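Here are my notes after a look through the model, in the order I'd want to discuss them. Have the structure open while you read.

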Amino acid sequence: MMVNLKINNIDVTVPENTTILDAAKAYNISIPTLCYYPDLRINSDCRICSVEIVGKKGLSTSCSTIVQEGMQVKTHTPRVINARKTITELLLANHDADCTACAKNMNCELQKLANVLGIDENRFERVLEVRPIDDHNPSLLRNPNRCIKCGRCIDVCRNIQGVNVLEPLNRGHEIIISPPFGKYLTDEFCTFCGQCSSVCPVGAIIEKDETAAVWNVLHDPQKHVIVQVAPAIRVSLGEELGQKAGTIVTGKLVSALKLLGFTKVFDTDFTADLTIIEEGNELIKRITTGGVLPMITSCCPGWINFAETYYPEILDHLSSCKSPQQMFGALAKTYYAQKENIDPATIFVVSIMPCTAKKYEAKRPEMGSTENNLDVDVVLTTREIGKMLRQMGVEFENLPETEFDEPFGKTTGAAAIFGTTGGVMEAALRTVYEIVNKKPLESLDFMEVRGMEGIKEASVNLGGKIVKVAVAHTLANAKKIAEQIKNNESPYAFIEVMCCPGGCIGGGGQSYGTTSKTRKDRLASLYTVDAAMPLRKSHENPDINKLYADFLGSPLAKLSHELLHTKYKAKHRHQ
Amino acid sequence: MTLESMIQKYPASPEYLVEALRDYQMAKNDHSVTESEIVKIAKYFNVTESKVCSVVSFYSFLSEKPKGRYVIRICRDVPCFVNKSESILKTLETRLGIKPGETTPDGLFTLEYTGCLGQCDHAPAFRINDMTYVDLTPDKVKAILSEYREEKS
């Protein structure tokens, strides 16, 4: 059914149940918003999107008011504009508005709003009570002085991730958004997925910036600085640098990183292929020798943190494989160091990841294959590498395409799709199917495990036995999978879990403004990358086979075990 | 009464959280709930610790900070004000040596403000724990405080 109304005296016809906000947008009027975010719940807390409805006493929030037949809406009367300005000025009066000294400068929704509303001066005196900054973890920094209490971080943490670390404390103007007991954000509760930093409209939750450390080391002649790039970055960095969502920038990305001064630019896709070989063999071993099933993937550090903190009883189900990032670090400081005859202590490994939890993962004490030396030295998010490229003045769009460096440059389509939900599962199935059934797959595309549905299922024939597998993304969905296992009700043999919506393409370290629309664009691009690769199965990567022949021996063997596998520890608090 | 036996009187469902917290705190001399108690309560009602902290910090009757054995909540709404509640507050402050939001060093009294107690026709009023006192005068306040002090000793 269609509904007819007037917005600013213009006739508007929209489907029923449309909000005034969306109806106005359909007729080319953008009503300003602040707490509203496309994929989150509508709280109508901030009141910025208020409009006048003729015949109604107060102002109504357009984000939460549904159109009605005959309604007359005025979106920009002096009364409405004054209300919006007043709210914004009040927010600014209680905000650390030193905008030019803020990571979100020119990327801040409050700043943009003040600009759109034409706020040239603030009628209110500054009342900000300065509170301490929380930087007590390796991933995220909370600056309560910039928080505007919009509630997006609470919503994403509570409802999308089901973790619920952040909640409002106190009441009225004393409200702060905080972990329980007013504590710092640490691994006691937080998984460091960073979704809160992704949706924060201001600079109140941001990643721990490590760009300065990378600049320093790039200009240190004693250091051999190499970089690895995660699968999802090739379809998201373009967006960070002003291109369309999902633009594939693999070749330009390599050129850009060379311009910054990295000696070698490697592809985490290589160790994603390696992960498939190790994890695939681990799965086959568990299935054939009566090992613990279902086995769950372990590439995602947010998921690992979640399992260690909230589901310690299911840790035996996690694959013992390190993540591709950590496998890369381990090989860089052993295999690569030996091959190039470089002292591992001088090798500095930087990762470009769509993720804030990867920063935590890299700092885990067990992640050092050589003495007193972590395998991955610094992890930069998509946003941080974008920042460095802007600092460098790189004209990204004009760069030539360059190939990744050897020996970690040749990869397969299977590795590329690690960056989306369902990708690791599909990559694993391509390999496990062929190893077990000893015949090539007819179709490489496992459509059942693709797409944005929260939990996906598929069945595969492995050696005459039908095996059920599942794919879950977001921690709220991972929780359902974990509960099934805890209660001995899991019908699956193998499960992929990615902590962020859409997998790494929707990671907490990706460009600001990530929505389900941009996630879909990035996801589609990764499958385009996959389809265009000459090799699409990890076990056909000739350099992986060479790595085993020259260095590792065989999958799951002694050296592989030492370098590529790890153990998990229960964090006992929640038992 | 132990925490366990107290909360088990309520169904293990989040909507009973506020009631259980209030009753448990009333039964405790320091009118507060500790971190380890919150951990247990959260588990029982199947909510996160963050949620319980949020609820406790929202309601002024609930507290993570230990309070005195007797919590005096004085009304600061208009009818009490025009009936000289300021002199009542002043008497309390002088006799107890504390300001609103503080607790006496012996842990006996905490002084707090409250909203209207519904006793406007008998203003000024305050509450001590769950007892309401009305038509207050400075002399009456002194007598009430002595009573509570004696009760303790």
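**Notes on the model**

1. Starting with the helix pair in chain B: α3(B) and α4(B) cross in a right-handed sense. Keep in mind throughout that this is a predicted model.

2. On the geometry of that pair, α3 of chain B covers residues 35–45 and α4 of chain B covers residues 49–58; their axes lie 8 Å apart and the packing angle is about 115°. That angle is why α3(B) counts as roughly perpendicular to α4(B), since the perpendicular class runs from 65 to 115 degrees.

3. Which residues of α3(B) and α4(B) meet? From α3(B) come Ile38(B), Val39(B) and Ala42(B), and from α4(B) come Glu49(B), Val52(B) and Cys53(B). By type, the contact of α3(B) with α4(B) has five nonpolar residues, one charged and no polar.

4. Now the interface. Chain A puts 18 residues into the contact and chain B puts in 15. The two chains, B and A, bury about 1,200 Å² between them, with 48% of that on carbon and sulfur atoms. On the chain B side, 36% of the area buried against chain A is supplied by Glu35(B), Glu49(B) and Ser50(B), more than any other three residues. Note that Glu49(B) turns up here and also in the contact between α3(B) and α4(B).

5. How many salt bridges are there between chain B and chain A? The count is two. In one, the side chain of Glu35(B) meets that of Lys183(A), at 2.7 Å from N to O. Glu35(B) is also one of the three residues named above for buried area.

6. Lys51(B) pairs with Glu167(A) in a salt bridge, and here the closest N and O atoms are 3.7 Å apart. Lys51(B) sits in helix α4 of chain B while Glu167(A) is in strand β7 (residues 167–169) of chain A, so this pair joins two chains. The cut-off for a salt bridge is 4 Å. Over all chains, the total is 50 salt bridges.

7. Some backbone points in chain A, beginning with the prolines. The bond from Leu293(A) to Pro294(A) is a cis peptide, omega near -5°, and Pro294(A) is in the loop between α9 (268–288) and β12 (295–296). Glu406(A) to Pro407(A) is cis too, with omega near 5°; Pro407(A) falls in the loop between α13 (382–392) and α14 (413–416).

8. Last one: Asn164(A) is not a glycine, yet its phi is positive, at about 60°. You'll find Asn164(A) in the loop between α4 (152–160) and β7 of chain A.

Terms used
Residues are numbered from 1 along each chain as its sequence is written. Chains are lettered from A and ligands numbered from 1 in the order in which they are written. This is a predicted model: local features need pLDDT of at least 70, side-chain atom pairs count only at pLDDT 80 or more; totals for chains, interfaces and linings use all residues. Side-chain values use heavy atoms; hydrogens and water are left out. Axes are lines fitted to C-alpha atoms, for helices over the stretch in contact, and angles run from 0 to 180 degrees between N-to-C directions. Helices (H or I, at least four residues) and strands (E, at least two) are DSSP runs, numbered from the N terminus. Angles under 35 degrees count as roughly parallel, over 145 as roughly antiparallel, 65 to 115 as roughly perpendicular and the rest as oblique. A crossing is left-handed if the near helix is turned anticlockwise from the far one by less than a right angle, and right-handed if clockwise. Contact means heavy atoms within 4.5 Å. Ala, Val, Leu, Ile, Met, Phe, Trp, Tyr, Cys and Pro count as nonpolar, Asp, Glu, Lys and Arg as charged, and the others, Gly among them, as polar. Buried area is the accessible area (1.4 Å probe) that two parts lose on being put together, summed over both.
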